[in-house]
Amino acid sequence: MRWKITIEGMDEFGGRDAAEVVIEKDIGRLSDGEIGLTIADGKTIMGCLQQLVVKQQCEAYVLTSRYCTDCQTFRRIKDYGKRKIRTVYGRVEVSNPRIMNCRRCLPYFCDASAVLRDICPDQATPELMELSARMGSLMPYRKAADVLAEFLPIPSTESFMTLRHRTMKLGERLDEKARDRAWFEPPSSSEHKQAELDLPNDPEREFVVSIDTAHVRGSRSEKARTFEIAVARCGRGRRGSPPGHYFATVDSKRELRSRTLQALQHEGYVGRGEVTVISDGAEIMKRLPKALPKPTAHILDWFHIAMKIQPLQQMADHIVRTSATRSSQAISIGDDVRSVKWKLWHGQTDRAIERLERIMTALAIQSSRAEASAKRLLDLAQPLLTYIRSNRDAIVNYGARYQSGRRIASSLAEPAVDSFVSRRMVKKQQMQWTLRGAHRLMQVRAAALNGDLRERLAWQPPKPTHRHHLTWMFEPTPPLLKAA
């Protein structure tokens, strides 16, 4: 069987162009299961159609660019060149003429410019750039290049290095647009509470920022072997509410505040309402609550507290179970550990510290008698005491928050670190990263996971609506006004 597809296009000026595609199908291949069009046939059809459409569009754009709106004549073409435009349906080579300036309007200014550079400055369509960056941020570059070549009529020149270059370029653009947006459209950060009726037990009134850090292997050009990436997710305070937007940054000193406010703005934050930052108590994360507008509270993640108490509790219970005499002192240590956890759950930090110091005193006496179990318990209790003391102000009444339906753990940030950074840059990946490359990749990955990559790339700063006070010095004076 022989199929002949005729494609005909007509532009705005009445010009017509046509192309033909021939597809042959052998009836003997039906027994092998080859029914209908294959991926190769689809690549052939879409590649031919793309050639026709792109050439006709470029010719129409060149024709409209030659027209001078002042003197209503066509500008002269200096010479012709070739320009390769890469699209999602293949590479198209089009004629790229250089058009001279209008000699009637500008007789003393002789210059020529290639107009196709305006519509395609990267020699690739924005859709291909966006698709390449999204795939490059979600999987390794070589794997992403293979996937694109498998389903799209993309030539072999689209290597993994090209994919990496496009991902880094879009990451740089996203970073620049984020800075411009923070300058032209700064999120509201006025320090006042909600204007409506005060409902302290309403979780929807609270905005939660769950933040954590991920360690990435640095390249040889970096000073340290690893560096940190701050990963956060912003959402509402009610448990079970939508998790919200991702954001990540390497520069946690200068950009952490602006990125947090932009993510909160996506969730409806306009400077009103309470903001709560939940972290694991790292020193680098303690800067964020101080930089955000008030009222902002910092809460220590309950999951990290429980994970630090759990080995101490397991060790104490093991001593009670294996003790032949089941002495009252061993039972007392197990009850005291459970009491410490109960007091921390209800926000009684000072009483928990006192009880933990009492446990450590009893363990120190037992360890002096060469008891191995007491030494092990003492080694586990000392880091816990230091952790609680250094984060005393960030421990709240977790029981009351949990009963009111609010978040008490950084459950939004913990999976984010695993799915956002680790799977792409740490786990089973042998790549070494620079600070700049990791930061740009994370911008693309965050936009891809949030689903607003195209929206963020299409954002433009607002045009100025007022006249600058020095503009009049560079404007020509109208003839009638000059004569008057």
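Author: Before we start, a word on terms: a residue is buried at under 20% relative accessible area, exposed at over 50% and partly exposed in between, with a 1.4 Å probe and protein chains only. This is a predicted model, in which local features need pLDDT of at least 70 and side-chain atom pairs count only at pLDDT 80 or more, while totals for chains, interfaces and linings use all residues. Residues are numbered from 1 along each chain as its sequence is written, and side-chain values use heavy atoms, with hydrogens and water left out.

Reader: Okay, and how much of the protein is buried?

Author: Of the 484 residues in the protein, 43% are buried. The accessible surface comes to about 27900 Å², and 53% of that belongs to carbon and sulfur atoms; these areas come from the Shrake-Rupley method with a 1.4 Å probe, and for residues only the protein chains shown count as cover.

Reader: How many helices and strands are there?

Author: There are 16 helices and 10 strands, taken as DSSP runs numbered from the N terminus, where helices are H or I with at least four residues and strands are E with at least two.

Reader: On to charges, then: how many salt bridges does a search of the whole structure find?

Author: The search finds 21, a salt bridge being a side-chain nitrogen of Lys or Arg within 4 Å of a carboxyl oxygen of Asp or Glu. One of them joins Asp41 to Lys25, with the closest N and O atoms 2.5 Å apart. Asp41 belongs to helix α1 (residues 39-66) and Lys25 to the loop between β2 (16-24) and α1, so this pair ties together parts that are 16 residues apart in sequence.

Reader: Is Asp41 buried or exposed, and what about Lys25?

Author: Asp41 is buried, at a relative accessible area of 14%, and Lys25 also counts as buried, at 13%.

Reader: Which residue does Arg440 form a salt bridge with?

Author: Arg440 forms a salt bridge with Glu172, and the closest N and O atoms are 3.8 Å apart. Distant parts of the chain are linked here, since Arg440 sits in helix α14 (residues 435-450) and Glu172 in helix α5 (residues 160-184), 268 residues apart. Arg440 is buried at 18% relative accessible area, whereas Glu172, at 32%, counts as partly exposed.

Reader: And which residue meets Glu206 in a salt bridge?

Author: That is Arg401, whose side chain meets Glu206 at 3.3 Å, N to O. Arg401 lies in helix α12 (residues 398-403) and Glu206 in strand β6 (residues 206-217), so the pair ties together parts that are 195 residues apart in sequence. Arg401 is buried at 11%, and Glu206 counts as buried at 1%.

Reader: Since we've reached β6, how many of its residues are buried?

Author: In β6, 10 of the 12 residues are buried, so the strand is largely enclosed by the rest of the structure. β6 pairs with β9 in the parallel sense over five bridges, and with strand β7 (residues 226-236) in the antiparallel sense over 11 bridges; two strands pair if DSSP finds at least two bridges between them. Glu206 stands opposite Glu274 in β9, while Ala214 has Ile229 in β7 as its bridge partner.

Reader: Changing topic, how many aromatic pairs does the structure hold?

Author: It holds five, where rings of Phe, Tyr and Trp (its six-membered ring) pair if their centres lie within 6.5 Å, and planes under 30 degrees apart count as stacked, over 60 as edge-to-face and the rest as tilted. The rings of Tyr67 and Phe74 have centres 5.7 Å apart and planes at 65 degrees, so that pair is edge-to-face. Tyr67 is partly exposed at 37%, and Phe74 counts as partly exposed at 48%.

Reader: What about Phe207 and Tyr269?

Author: Phe207 and Tyr269 form an edge-to-face pair, 5.3 Å centre to centre with 80 degrees between the planes. Phe207 lies in strand β6 and Tyr269 in the loop between α6 (256-266) and β9 (274-279), so the pair ties together parts that are 62 residues apart in sequence. Both residues are buried.

Reader: Which residues form one aromatic cluster?

Author: Trp302, Trp345, Tyr398 and Tyr402 form one aromatic cluster.
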